[in-house]
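Here is a short briefing for a reader meeting this structure for the first time. Please look over the sequence and the model before reading on.

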Amino acid sequence: QLQASGGGLVQAGGSLRLSCAASGRTFSSYHMGWFRQTPGKEREFVAAINYNGGTTSYADSVKGRFTISRDNANNMAYLQMNSLKPEDTAVYYCAVTTFYNSDPLRYRYWGQGTLVTVSS
């Protein structure tokens, strides 16, 4: 089970850190991703991190601004979001997969989502 938190309202240029808490003893064996979705649009890849944190990937739209990380000892993952823009406004989801990739259809378990709103 995954639970995302940390969303909120922030002004453009500000920062937020999203957290994803995982239950169970197998979190460290999964690759983990963050996705986002706005009404009427498909779920969009944001960032991914492999099972041990040694490899990360980012969407071009967030590269250089967002940082994904994980703490396997505490079954946690994070998305540090800096220099936020109004177009980053979305519901953000964390998810896990056994195959490192950016396709949301290949992610098996999902958290409930946390809303990030960036005002201009």
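The model is predicted. A search of the whole structure finds six aromatic pairs. Strand S9, residues 90-97, is largely enclosed by the rest of the structure, because seven of its eight residues are buried.

**The pair Tyr30 and Tyr109**
- The ring centres of Tyr30 and Tyr109 lie 6.2 Å apart, and their planes meet at 85°, so this pair is edge-to-face. The cut-off for edge-to-face is over 60 degrees.
- Tyr30 has 14% relative accessibility, so Tyr30 counts as buried.
- Tyr109 has 39% relative accessibility, so Tyr109 counts as partly exposed.

**The pair Phe35 and Phe45**
- Phe35 and Phe45 also form an edge-to-face pair, 5.8 Å from centre to centre with 70° between the planes.
- Phe35 is in strand S4 and Phe45 is in strand S5 (residues 44-49), ten residues apart. This pair, too, links distant parts of the chain.
- Both of these residues, Phe35 and Phe45, are buried.
- One aromatic cluster holds Phe35, Phe45, Tyr93, Tyr107 and Trp110.

**Charges over rings**
- Arg43 places its charged end over the ring of Trp110, 4.7 Å from the ring centre. Trp110 is one of the residues in the aromatic cluster.
- Arg70 lies over the face of Phe27, and the distance to the ring centre is 4.4 Å.

**Asn75 in its loop**
- Asn75 sits in the loop between strand S7 (66-71) and strand S8 (76-81).
- Its relative accessibility is 17%, so Asn75 counts as buried.
- Neighbours within four places in sequence aside, Asn75 is in contact with Cys20, Ala21, Ala22, Ser23, Gly24 and Phe27. Phe27 is also the residue whose ring face lies under Arg70.

**Strand S9 and its partners**
- S4 and S9 run antiparallel and are joined by seven bridges. Gly33 has Ala95 in S9 as its bridge partner.
- S9 and strand S11 (residues 114-119) run antiparallel and are joined by three bridges. Tyr92 has Thr114 in S11 as its bridge partner.
- S9 and S10 pair in the antiparallel sense over two bridges. Val96 has Tyr109 in S10 as its bridge partner. Tyr109 is also in the edge-to-face pair with Tyr30.

Definitions and conventions
Residues are numbered from 1 along each chain as its sequence is written. This is a predicted model: local features need pLDDT of at least 70, side-chain atom pairs count only at pLDDT 80 or more; totals for chains, interfaces and linings use all residues. Side-chain values use heavy atoms; hydrogens and water are left out. Rings of Phe, Tyr and Trp (its six-membered ring) pair if their centres lie within 6.5 Å; planes under 30 degrees apart count as stacked, over 60 as edge-to-face and the rest as tilted. Buried means under 20% relative accessible area, exposed over 50%, partly exposed in between (1.4 Å probe, protein chains only). Helices (H or I, at least four residues) and strands (E, at least two) are DSSP runs, numbered from the N terminus. A charge sits over a ring if NZ of Lys or CZ of Arg is within 6 Å of the ring centre and within 35 degrees of the ring normal. Contact means heavy atoms within 4.5 Å. Two strands pair if DSSP finds at least two bridges between them.
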